Amino acid sequence: MAGDWIKVEHTTPDKPEVVKLADMLGIDQDAVVGKLLRLWIWADQQSVSGNAITVTNSFLDRLVFCPGFAAGLVKVGWLNGRNGLLSIPNFDRHNGQTAKNRANTNRRVANHRKGRNDETVTDVTPEPLQKPLPEKRREDNTTTPTTTGREVCQFPQDVSEIDRFMAAQVLHPLGDELTRCAERFFNEQAAVGWKNKHGIPLADWRPLARQYAATWARNNSAEAGLKPANAAGTASKSTPKPSRRDELWTD
């Protein structure tokens with residue numbers, strides 16, 4: 001089918017990450033690229049954005065027929081998340097329907113320009129594709145306009161972003177409970193498309209995450225008999241100064 005394809009850069013075989021993977025796994029760079037293609041094609045078929053891939057490292061190793069491949073991807077920064085909930089960074093820049101639509105548009109524009117040039121002059125040099133506009137960094141553009149005129153805050157790309165945000169709150173779970181809380185929140189919101197109970201996209205996921213973490217911390221502390229992190233009412237660690245009255249009555 002026409003849509004069954006993915007984008008690969010010319011520089012991919014010689015990228016530092018590919019060289020490092022080849023050295024770690026004891027295989028050549030061409031073999032690494034082949035296994036990367038197998039992984040990216042599978043992710044393009046099974047995932048919309050390359051996020052929240054609910055598979056394990058061992059599954060990815062079997063997919064590409066190379067033990068330790070998933071762990072190597074994590075070390076070079078080409079795989080994020082935790083075992084059982086993984087994500088491919090910047091997947092939507094080159095793959096996924098949005099990236100493919102962008103590439104097809106660029107090619108149509110280039111072909112249109114080439115057709116207009118052919119009417120006036122014959123050029124033996126192939127017309128290059130339209131140079132794509134520089135992509136804004138995700139940090140620079142954190143909102144997306146909707147049909148209602150509201151601006152929706154970009155949703156977190158993986159669980160680690162939620163984990164870091166919850167850990168910075170006044171009231172949050174501790175240790176493994178923080179991890180479980182962040183994963184549960186991410187999975188629940190991803191399942192409903194990051195919408196509220198009325199089906200309207202969340203304008204900002206952070207207030208809901210803050211409330212979710214606080215509720216989790218209170219429930220967890222009540223069950224364990226402990227006070228949650230930074231909770232109000234925590235006993236002061238300072239030592240009270242002795243009273244001057246005691247010094248006056250000392251012989």
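Modeller: Contact means heavy atoms within 4.5 Å. Helices (H or I, at least four residues) and strands (E, at least two) are DSSP runs, numbered from the N terminus. This is a predicted model, in which local features need pLDDT of at least 70 and side-chain atom pairs count only at pLDDT 80 or more, while totals for chains, interfaces and linings use all residues. Residues are numbered from 1 along each chain as its sequence is written, and side-chain values use heavy atoms, with hydrogens and water left out.

Biologist: What pattern does the protein follow along the sequence?

Modeller: The protein has ten helices and four strands. Read along the sequence, they give α-α-α-α-β-β-α-α-β-β-α-α-α-α.

Biologist: Which elements are included in what covers the buried residues of H3?

Modeller: Buried means under 20% relative accessible area, exposed over 50%, and partly exposed in between (1.4 Å probe, protein chains only). In helix H3 (residues 57-64), the buried residues are Leu60, Asp61, Leu63 and Val64. They lie on the same side of H3 because they cover an arc of only 160° around the axis, the arc being that of the directions from the helix axis to the C-beta atoms. Their cover includes helix H2 (29-46), helix H4 (69-76) and strand S2 (85-87).

Biologist: Is Thr54 buried or exposed?

Modeller: Thr54 lies in the loop between H2 and H3. Leaving aside neighbours within four places in sequence, Thr54 is in contact with Gly84 and Leu85. Its relative accessible area is 61%, so Thr54 is exposed.

Biologist: Is Gln189 buried or exposed?

Modeller: Gln189 is found in helix H8 (residues 176-191). Neighbours within four places in sequence aside, Gln189 is in contact with Trp194, Lys195, Leu202 and Leu208. Its relative accessibility is 10%, so Gln189 counts as buried.

Biologist: How many residues apart are Glu183 and Arg82?

Modeller: A salt bridge is a side-chain nitrogen of Lys or Arg within 4 Å of a carboxyl oxygen of Asp or Glu. Glu183 and Arg82 form one, with their closest N and O atoms 3.9 Å apart. The pair links distant parts of the chain, Glu183 in helix H8 and Arg82 in strand S1 (residues 80-82), and the separation is 101 residues.

Biologist: Why are Glu177 and Arg180 separated by about one helical turn?

Modeller: Glu177 and Arg180 form a salt bridge, the closest N and O atoms being 2.5 Å apart. An α-helix has 3.6 residues a turn, so residues three or four places apart point the same way. Glu177 and Arg180 are separated by about one helical turn because they are three residues apart in helix H8.
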